[in-house]
Amino acid sequence: ARTGRGRSAGRRKRSMAAGAGRLVAAAVLLLALSGPRPVPAELTDGNSEHLKREHSLMKPYQGAGSAAMPLWDFQGSTMVTSQYVRLTPDERSREGSIWNRVPCFLKDWELHVHFKIHGAGKKNLHGDGLALWYTQERLMPGPVFGSKDNFHGLAIFLDTYPNDEATERVFPYISAMVNNGSLTYDHSKDGRWTELAGCSADLRNQNHDTFLAVRYSRGRLTVMTDVEDKNEWKNCIDIAGVQLPTGYFFGASAGTGDLSDNHDIISMKLFQLMVEHPVEDDTVDWTKIEPSVSLLKSPKDNVDDPTGNFRSGPLTGWKVFLLLLCALLGIIVCAVVGAVVFQKRQERNKRFY
């Protein structure tokens with residue numbers, strides 16, 4: 001009997017030890033799950049390991065207060081101070097830009113921009129916005145946020161004023177556009193006809209730092225924001241099938257019209273991404289690639305116009321499939337309704353016999 005009680009006590013001890021072990025394991029797993037997680041787009045942490053200084057603008061700015069800056073050119077109303085590069089002051093009809101002098105030959109890169117848009121204007125009484133560029137052209141003033149229209153390359157627009165009164169978008173609005181020189185940016189429609197994708201972001205008149213990240217790697221364009229003082233990136237744009245050549249220039253520009261704002265760039269940091277490419281990519285002359293986007297549908301499709309209709313676009317494979325499916329469903333519904341009506345008539349006729 002004593003031996004049985006001893007074995008029973010031993011089993012209880014082993015069971016308690018096993019239970020305690022499971023609790024410890026569960027606690028460790030819980031701590032691991034509650035720890036920091038990687039950001040969805042796997043953006044760099046901003047370290048200097050792969051920072052490309054020849055394409056980066058950081059404090060202290062060399063040549064601040066003068067008309068000359070190593071590696072960077074600026075024009076228009078742009079003013080360089082010890083704390084920021086002001087592209088436009090909070091005054092009407094101003095435009096300015098700053099451009100890197102060194103062409104970028106990286107196939108995979110990530111740009112972090114620390115900026116600030118602020119001014120005395122209240123709700124819907126400020127404008128027009130800021131643009132970030134990776135283009136063939138540089139230092140060419142124009143109507144698109146202080147820079148050239150019909151450009152070649154990539155533009156990210158931070159639009160602060162809704163020109164289209166019929167729009168349901170919430171401004172400020174961030175959008176992306178890729179151009180091979182054939183497209184025109186339509187200010188009256190806030191660029192909707194040529195926009196690839198976009199998102200709303202409350203980035204104006206903030207008392208904290210505001211950031212934007214643009215990542216281009218293996219044909220995928222990702223734009224993320226950090227404008228909520230949470231020290232974390234938030235998804236805005238994610239597009240595959242984007243083709244951008246090497247040898248273009250980075251820049252930033254801004255413009256004001258009847259309404260105005262201060263548009264400031266505090267820093268622009270470019271990082272090289274270490275990405276493996278297929279062997280066949282070595283035979284491609286990346287400087288000769290035409291800027292393009294391979295989309296399943298045109299960016300003009302499914303864009304509503306002021307009349308409430310949708311603008312007509314080319315019939316893609318999906319549209320043809322949906323049209324055929326709707327037609328088939330319509331035929332089936334008609335057949336079912338016809339069969340039911342025919343059966344009821346047959347039953348009604350039998351009652352008279």
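## Aromatic pairs

Rings of Phe, Tyr and Trp (its six-membered ring) pair if their centres lie within 6.5 Å; planes under 30 degrees apart count as stacked, over 60 as edge-to-face and the rest as tilted. By this criterion the structure holds 11 aromatic pairs. Tryptophan 109 and phenylalanine 250 form an edge-to-face pair, at 4.9 Å centre to centre and 90° between the planes. Tryptophan 109 lies in strand β5 and phenylalanine 250 in strand β14, so the pair ties together parts that are 141 residues apart in sequence. Strands (E, at least two residues) are DSSP runs, numbered from the N terminus.

This is a predicted model: local features need pLDDT of at least 70, side-chain atom pairs count only at pLDDT 80 or more, and totals for chains, interfaces and linings use all residues. Residues are numbered from 1 along each chain as its sequence is written, and side-chain values use heavy atoms, without hydrogens and water.

## Nonpolar core

A nonpolar core is a set of buried Ala, Val, Leu, Ile, Met, Phe, Trp, Tyr and Cys residues joined through side-chain atoms within 4.5 Å; buried means under 20% relative accessible area, exposed over 50%, partly exposed in between (1.4 Å probe, protein chains only). The largest such core has 46 residues, and Trp109, Ile174 and Ile265 have the most contacts inside it. Strand β5 (residues 109-118) gives the most to this core, with 5 residues. Tryptophan 109 is buried, with a relative accessible area of 1%.

## Sheet

An open sheet of 7 strands has the order β1-β4-β14-β6-β7-β8-β9, with antiparallel pairing; two strands pair if DSSP finds at least two bridges between them.

Methods: Helices (H or I, at least four residues) and strands (E, at least two) are DSSP runs, numbered from the N terminus.
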